[in-house]
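Subject: Structure handover

Hi,

Here is the structure we talked about passing on. My notes on it follow below.

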Amino acid sequence: MKTFFIKFLKNIIFLFFRLVRMITNKFDKKISLYLSKSNWSSEIYVKGLEITTTVGCAMMCEYCPQESYKKNGKEYPRSINFEVFKNAIKNVDNSYIIHWTGFSEPLHAKDFPLMSKYLNQNGYKQHISTTMYGREESKEFMITENCFDSIMYHLPDDKNLMKLKVNDKYLQFLEKSITFQAKYLKKNKLNIMVIGDDFEPQVKKLINDLIQKKIISPKQIDIRKHLVTRANQIKHFDGFRTNENSIKSSEKDKLYYCGYGRLNKGVMLTNGSVAICCNDYSIEHNVGNLIDNNIIELYKHKKLFENDEFIRGNKSLCNRCEFYKFI
């Protein structure tokens with residue numbers, strides 16, 4: 001019923017905007033910005049900020065364009081530190097959900113425990129997507145501290161697409177973390193995901209053991225066969241479903257917007273600056289720096305809308321992305 005209502009509301013809003021555009025095109029930028037901040041499919045992405053804690057990720061998953069990120073991220077500090085983080089977060093109201101994900105594994109950062117505790121003490125909701133591979137102090141934090149509103153464990157697959165070495169120590173940390181966090185989170189707030197055909201055999205056995213012990217349920221398991229192309233920066237794999245790129249060339253008189261609703265969810269980099277969205281691994285569009293600007297001002301996207309490039313389908317980063325749509 002809820003899904004039907006959201007779809008119905010979305011259709012009404014789009015119809016209204018089409019009628020407005022039939023009368024006048026004066027509001028095209030405002031309409032595009034509104035739609036580009038609207039996500040119709042996920043409560044977790046109402047508005048937020050993703051945090052990338054390091055430049056480069058040790059896993060080097062084959063479905064992740066890490067080479068683009070590392071190449072264009074050379075100018076940024078290798079890892080975010082606590083002082084930079086605090087100076088940036090002071091300009092982010094705690095009504096924004098903080099997502100520990102971005103372009104790299106969050107547990108790689110030495111100061112991750114300090115940063116997460118700081119957010120928790122100041123009333124921020126936190127979501128984390130983690131492989132449970134990282135620094136010892138960060139892994140310890142994941143088995144002793146409950147600071148998260150939701151958790152996605154992104155785990156190794158059986159084809160080694162994720163370059164993570166599974167050993168006894170890794171499995172012990174993983175088991176302890178899932179067992180600990182499951183005590184505090186509702187089942188729909190803790191999920192275990194793999195991109196591929198199945199989990200790595202040892203990981204699969206652990207998951208089955210946790211299901212047998214009723215620590216988790218099968219409904220919390222997500223075997224994902226769908227790849228987001230990251231603005232057409234990843235190669236295609238047999239057996240995986242990918243979205244079609246939306247644009248080959250811009251169409252006259254159409255109004256373009258981000259169908260992913262990501263203009264309300266930038267990615268903070270290691271120096272406090274913000275990439276436009278989680279698909280911008282090449283860091284082509286810098287929104288601004290949170291140390292010097294409030295997030296509300298940055299999310300007005302004055303730089304993006306200073307001309308008609310984005311709304312007319314000519315933004316070079318976006319027109320490689322399957323979520324660049326028009327009405």
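Leu49 stands opposite Ile98 in strand S2. Please keep in mind that this is a predicted model.

Strand S1 (residues 48–51) and strand S2 (residues 97–100) run parallel and share 4 bridges. Strands of a sheet pair through backbone hydrogen bonds, in either a parallel or an antiparallel way.

Now the whole sheet. It is open, has 9 strands and shows mixed pairing. The order is S6-S5-S4-S3-S2-S1-S10-S11-S12. Strand S6 (221–224) and strand S12 (286–289) are at the edges. Each has a single partner strand, so one side of each has no neighbour in the sheet. On average, neighbouring strands are turned by 25° against each other, direction ignored.

A helix packs on this sheet: H7, residues 168–182. Helix H7 touches strand S4 (150–154) and strand S5 (190–195). The direction of H7 makes about 160° with that of S4.

Next, the surface. Leu15, Leu19, Met22 and Ile23 make a nonpolar patch of about 480 Å². Leu15 sits in helix H1 (residues 2–23). Its relative accessibility is 46%, so Leu15 counts as partly exposed; exposed would need over 50%.

Lys71 is in helix H3 (residues 66–72). Is Lys71 buried or exposed? Lys71 counts as exposed, because its relative accessibility is 60%. Lys71 and Phe5 are 66 residues apart in sequence. In space, they are 44 Å apart, C-alpha to C-alpha.

Best wishes

Definitions and conventions
Residues numbered from 1 in each chain as written. Predicted model: local features only at pLDDT ≥ 70, side-chain atom pairs only at ≥ 80, totals over all residues. Heavy atoms only, no water. Pairing = 2+ DSSP bridges. Helix = DSSP H or I, 4+ residues; strand = E, 2+ residues; numbered from the N terminus. Axes fitted to C-alpha atoms, helices over the stretch in contact; angles between N-to-C directions. Contact = heavy atoms within 4.5 Å. Patch = residues over 30% accessible without salt bridge, like charges linked within 9 Å, V, L, I, M, F, W, Y side chains within 5 Å. Areas by Shrake-Rupley, 256 points an atom, 1.4 Å probe, with all protein chains shown as cover. Salt bridge = Lys/Arg side-chain N within 4 Å of Asp/Glu carboxyl O. Buried < 20%, exposed > 50% of the residue type's maximum accessible area, 1.4 Å probe, protein only.
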